[in-house]
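Reader: I want to go through this model with you. Can we start with the terms and then take the sites one by one?

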Amino acid sequence: MEMRMNHPSSWLLLLASLALPAALPAQVTVPAEAEKAAAVINEASLRGSVRFLADDLLEGRGPASRGDRLTQLYLGTTLQYLGFEPAFGAGGYLQTFDVVGVNASSPKTWTFQKDGQSVNLDVWNQFVASSGVQAPQAVLDKAELVFVGYGIEAPEYKWNDFKGMDLKGKVLLMLNNDPDWDPALFEGTRRQYYGRWPYKYESAARQGAAGAIIIHTTPSAGYPWQVVQTSWTGPKFELPAAGEPRIQVASWVTEDAARQLAKLAGQDLDALVKSAHSRDFKPVPLGVTTSLTLTNQVEKVQTANVGGLLRGSDPELADEVVVYSAHHDHLGIGKPDKEGDTIYNGALDNGAGVTQVLAIARAFAELPQPPRRSVLILFVAAEEQGLRGSEYYAKHPSFPPGKIAANINYDGGNIFGRSLELSYIGLGKSSLDGVVKALAAQQDRTVVGDQFPDRGSFYRSDQFNFAKIGVPAIYMGAGVKFRGHPEEWGKEKVEGYVQKNYHQPSDEITPDWTFDGMIEDARLGFFAGVVIANDDKMPTWTPGDEFEAARKAALAAAAGGAAGKQ
Ligand SMILES: [Zn+2]
């Protein structure tokens with residue numbers, strides 16, 4: 001849940017910057033032995049693990065598949081080989097947990113009716129629908145369609161699209177993203193959690209709605225329709241339901257399909273969208289009804305986070321930890337692409353992230369003595385299903401959240417060469433800025449914020465679940481300025497991957513991959529962990545940050561727990 005305050009005025013910002021704690025030194029010194037150990041982060045080590053993880057034999061590493069278990073075995077045994085202790089007590093290197101897989105079959109067409117007229121939408125080309133419930137059927141029964149604008153309730157922005165209207169049993173048609181035309185609203189073009197699809201479905205469930213339909217446009221989603229298709233087909237895995245409100249059907253439609261629905265209602269989609277651009281917007285009942293039954297195969301299966309621990313060398317600080325994370329799962333086997341390939345190898349997503357964290361683990365193992373704080377290497381499961389592994393870890397952490405100094409997360413990697421920039425998702429949010437900036441400067445790189453702020457990347461990978469329990473996080477990318485190339489080249493490369501390979505069977509290692517940039521990013525993350533683990537103080541959130549309150553609560557709980565133990 002997003003908790004960020006409204007934009008402070010400039011004097012508040014000034015105060016906030018004056019109040020920035022000097023927790024970490026502006027001058028960051030990397031110990032000579034860490035410089036030496038970083039040599040093992042090289043092309044061979046990075047290429048080797050990606051090659052294994054992205055091999056067809058791993059079958060795309062879908063949760064609870066054979067490929068998933070092979071991946072867990074590979075990562076656990078590698079951590080053991082490197083001398084890391086099992087992170088999970090009796091579980092050894094594995095933190096096994098239940099996930100409920102729901103594989104919904106949609107009828108070929110979805111019908112919407114009004115006054116004897118109807119619109120039929122085609123599955124896959126015009127809509128995708130998944131079950132919101134962990135039950136044999138998800139049912140909409142003559143439910144009425146209501147346009148609810150962005151579907152956002154945000155008291156801190158005095159924004160409420162629902163205006164207290166009774167939406168029980170309705171199907172909510174909603175816009176993706178969050179309001180982005182005013183810098184004072186929802187941080188302008190930066191996508192907040194309010195603009196992400198999980199928020200939309202949770203929000204509809206809180207209203208007691210029966211279903212929710214998100215209208216896809218490429219700009220408002222940040223990715224093309226094909227990504228919706230491949231990501232929302234096949235079994236969806238969740239943690240077992242625990243009594244939270246749920247909708248029956250969670251769906252997406254194309255913009256063209258939404259246009260047809262609006263027309264059926266005697267409305268114009270553009271006019272509806274325009275009306276949603278206002279605080280005064282009220283839900284618009286469309287007078288359209290719809291029924292839909294999804295037949296679900298429901299199975300409870302298991303997957304696992306994989307973790308290894310390097311105990312800190314300072315007895316005072318060893319009960320605190322720096323956590324590295326990368327998700328080890330991908331989409332498994334699915335619908336064939338044009339070439340008939342059905343294996344979603346996930347070489348970049350997230351073989352590249354896993355291999356960087358493995359190489360970092362190897363560098364830690366090379367140190368003559370571990371840093372003062374402990375280091376946890378954590379490969380989380382089921383990220384592609386909605387950050388499930390990190391959600392489970394955050395609910396069952398192996399260290400109290402108040403004892404977790406920082407999370408350094410890798411999702412993806414730079415395969416385009418050395419970068420002039422370091423794009424730091426979450427720049428400005430915590431005192432970790434100082435560490436990242438100093439280390440980037442040592443690589444002759446400048447730190448820039450998220451180069452695609454409209455995509456809400458901070459909320460789209462596992463550091464989000466750490467932030468939710470108060471842990472400051474580093475999550476970085478290469479930016480778009482690569483050495484020896486014009487900026488357009490970099491933008492084209494990054495965009496090209498999103499358009500062609502992201503969440504497609506073609507996300508494979510290809511001959512054009514280069515590792516020079518990835519080596520720099522992994523070394524930087526290694527140095528950052530060494531510096532954070534050796535520092536006298538723990539990192540802190542920037543005062544007023546959306547996650548500061550969670551940190552305070554976690555620190556208080558950890559202090560209380562420690563006092564209780566004595
Ligand atoms: Zn992904």
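Predicted model: local features only at pLDDT ≥ 70, side-chain atom pairs only at ≥ 80, totals over all residues.

Reader: Which residues of H14 are buried?

Author: Gly490, Val494, Gly496, Tyr497 and Val498.

Reader: What do they pack against?

Author: Helix H10, residues 347-366. Contact here means heavy atoms within 4.5 Å.

Reader: How many residues does H14 have, and how far does it reach?

Author: H14 has 14 residues and reaches 20 Å from first C-alpha to last, close to the 20 Å expected. The expected span is 1.5 Å times one less than the number of residues.

Reader: What about the span of H10?

Author: H10 has 20 residues and should span 28 Å; its end C-alpha atoms are 26 Å apart, which agrees.

Reader: How many residues of H10 are buried?

Author: 17 of the 20, so H10 is largely enclosed by the rest of the structure.

Reader: Pick one residue there. What does Asn350 touch?

Author: Asn350 is found in H10. Leaving aside neighbours within four places in sequence, Asn350 is in contact with Arg61, Ala326, His327, Tyr410, Asp411 and Gly412. Asn350 counts as buried, at 0% relative accessibility.

Reader: Back to H14. Is Trp489 buried or partly exposed?

Author: Partly exposed, with a relative accessible area of 25%. Trp489 lies in H14, which covers residues 487-500.

Reader: Which residues does Trp489 touch?

Author: Phe416 and Phe482, not counting residues up to four places away in sequence. Trp489 and Phe416 are 73 residues apart along the chain, and their C-alpha atoms are separated by 10.0 Å.

Reader: New topic. What coordinates the zinc ion?

Author: Asp349 (OD), Glu384 (OE), Glu384 (OE) and His503 (NE2), at 1.9 to 2.3 Å. Donors are N, O and S atoms within 2.8 Å of the metal (3.2 Å for Na, K and Ca); water is not among the atoms, so sites may look incomplete.

Reader: Why is the arrangement irregular?

Author: The angles between the four donor atoms run from 58 to 146 degrees, which makes the arrangement irregular. Four donors count as tetrahedral if all angles lie between 85 and 135 degrees; four count as square planar and six as octahedral if opposite donors are over 155 degrees apart and all others between 65 and 115; anything else is irregular.

Reader: How are the donor residues spaced in sequence?

Author: As D-x34-E-x118-H. Glu384 sits in the loop between strand E17 (374-380) and helix H11 (388-395), and His503 in the loop between H14 and helix H15 (516-534), so this pair ties together parts that are 119 residues apart in sequence.

Reader: Are Glu384 and His503 buried or exposed?

Author: Glu384 counts as buried at 12% relative accessibility. His503 is buried too, with a relative accessible area of 5%.

Reader: Now rings. How many aromatic pairs?

Author: The count comes to 32. Rings of Phe, Tyr and Trp (its six-membered ring) pair if their centres lie within 6.5 Å; planes under 30 degrees apart count as stacked, over 60 as edge-to-face and the rest as tilted.

Reader: Which charged end sits over the ring of Tyr193?

Author: That of Lys468, 5.8 Å from the ring centre. The rule: NZ of Lys or CZ of Arg within 6 Å of the ring centre and within 35 degrees of the ring normal. Lys335 also lies over a ring face, that of Trp124, at 4.5 Å from the ring centre.

Terms used. Residues numbered from 1 in each chain as written. Heavy atoms only, no water. Helix = DSSP H or I, 4+ residues; strand = E, 2+ residues; numbered from the N terminus. Buried < 20%, exposed > 50% of the residue type's maximum accessible area, 1.4 Å probe, protein only.
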